[in-house]
Amino acid sequence: MAPLPNLPSEPDDDTGAYVGLPEEAAAVRARALGWTDVRALPPGAIITMEYRIGRLNFEVRAGVVERCWKG
């Protein structure tokens, strides 16, 4: 498979730093650091395995981020 040219880079960010933050504060921080797509999901949500550069995912329970991952 040939390499993909000119892919945008993702923000240099520690996804673990979002765990424990309130959902809104986490989203504001992520956008300020350059994430173009931020989504909050309930625990156990069914999602596709599609990886999107620039997207940050939060698993949120009771308004608090429990898990965070790229793509």
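**Exercise 1. Decide whether Tyr-18 is buried or exposed.**

Start with the cut-offs: buried means under 20% relative accessible area, exposed means over 50%, and partly exposed lies in between, using a 1.4 Å probe and protein chains only. Tyr-18 has a relative accessible area of 0%, so Tyr-18 is buried.

Before going on, a word about the model you are looking at. This is a predicted model, in which local features need pLDDT of at least 70 and side-chain atom pairs count only at pLDDT 80 or more, while totals for chains, interfaces and linings use all residues. Residues are numbered from 1 along each chain as its sequence is written, and side-chain values use heavy atoms, with hydrogens and water left out.

**Exercise 2. Identify the aromatic pair and say how its rings are arranged.**

Rings of Phe, Tyr and Trp (its six-membered ring) pair if their centres lie within 6.5 Å; planes under 30 degrees apart count as stacked, over 60 as edge-to-face and the rest as tilted. By this rule there is one aromatic pair. The ring centres of Tyr-18 and Phe-58 are 5.3 Å apart and the planes stand at 45 degrees, so the pair is tilted. It links distant parts of the chain: Tyr-18 is in the segment before helix 1 (23-32) and Phe-58 is in strand 2, 40 residues apart. Phe-58 is buried, at 1% relative accessibility.

**Exercise 3. Work out which charged ends sit over the rings of Tyr-18 and Trp-69.**

The test is this: a charge sits over a ring if NZ of Lys or CZ of Arg is within 6 Å of the ring centre and within 35 degrees of the ring normal. For Tyr-18, the charged end is that of Arg-29, 4.6 Å from the ring centre. For Trp-69, the charged end is that of Arg-67, 3.9 Å from the ring centre.

**Exercise 4. Count the salt bridges and describe some of them.**

A salt bridge is a side-chain nitrogen of Lys or Arg within 4 Å of a carboxyl oxygen of Asp or Glu. Searching the whole structure gives four. Here are some of them, step by step:

- Arg-29 and Asp-13 form a salt bridge at 3.1 Å, N to O. Arg-29 belongs to helix 1 and Asp-13 to the segment before helix 1, so the pair ties together parts 16 residues apart in sequence. Arg-29 is partly exposed at 31%, whereas Asp-13 is buried at 13%.
- Asp-37 and Arg-52 form a salt bridge at 3.3 Å, N to O. Asp-37 lies in strand 1 (residues 37-41) and Arg-52 in the loop between strand 1 and strand 2, so parts 15 residues apart in sequence are tied together. Asp-37 is partly exposed at 24%, and Arg-52 is partly exposed at 39%.
- Arg-67 and Glu-59 form a salt bridge at 3.9 Å, N to O. Arg-67 is partly exposed at 42%, while Glu-59 is buried at 16%.

**Exercise 5. Trace the contacts of Asn-57.**

Asn-57 lies in strand 2 (residues 55-61) and is buried, with a relative accessible area of 0%. Contact means heavy atoms within 4.5 Å. Leaving out residues up to four places away in sequence, Asn-57 touches several residues, including Arg-39, Leu-41, Arg-67 and Cys-68.

**Exercise 6. List the residues of the largest nonpolar core.**

A nonpolar core is a set of buried Ala, Val, Leu, Ile, Met, Phe, Trp, Tyr and Cys residues joined through side-chain atoms within 4.5 Å. The largest has eleven residues: Tyr-18, Ala-26, Ala-27, Ala-30, Trp-35, Val-38, Leu-56, Phe-58, Val-60, Val-65 and Cys-68. Helix 1, strand 2 and strand 3 each supply at least two residues of this core. As one member, take Val-65: it is found in strand 3 (residues 64-70) and is buried at 1% relative accessibility.

Conventions:
Helices (H or I, at least four residues) and strands (E, at least two) are DSSP runs, numbered from the N terminus.
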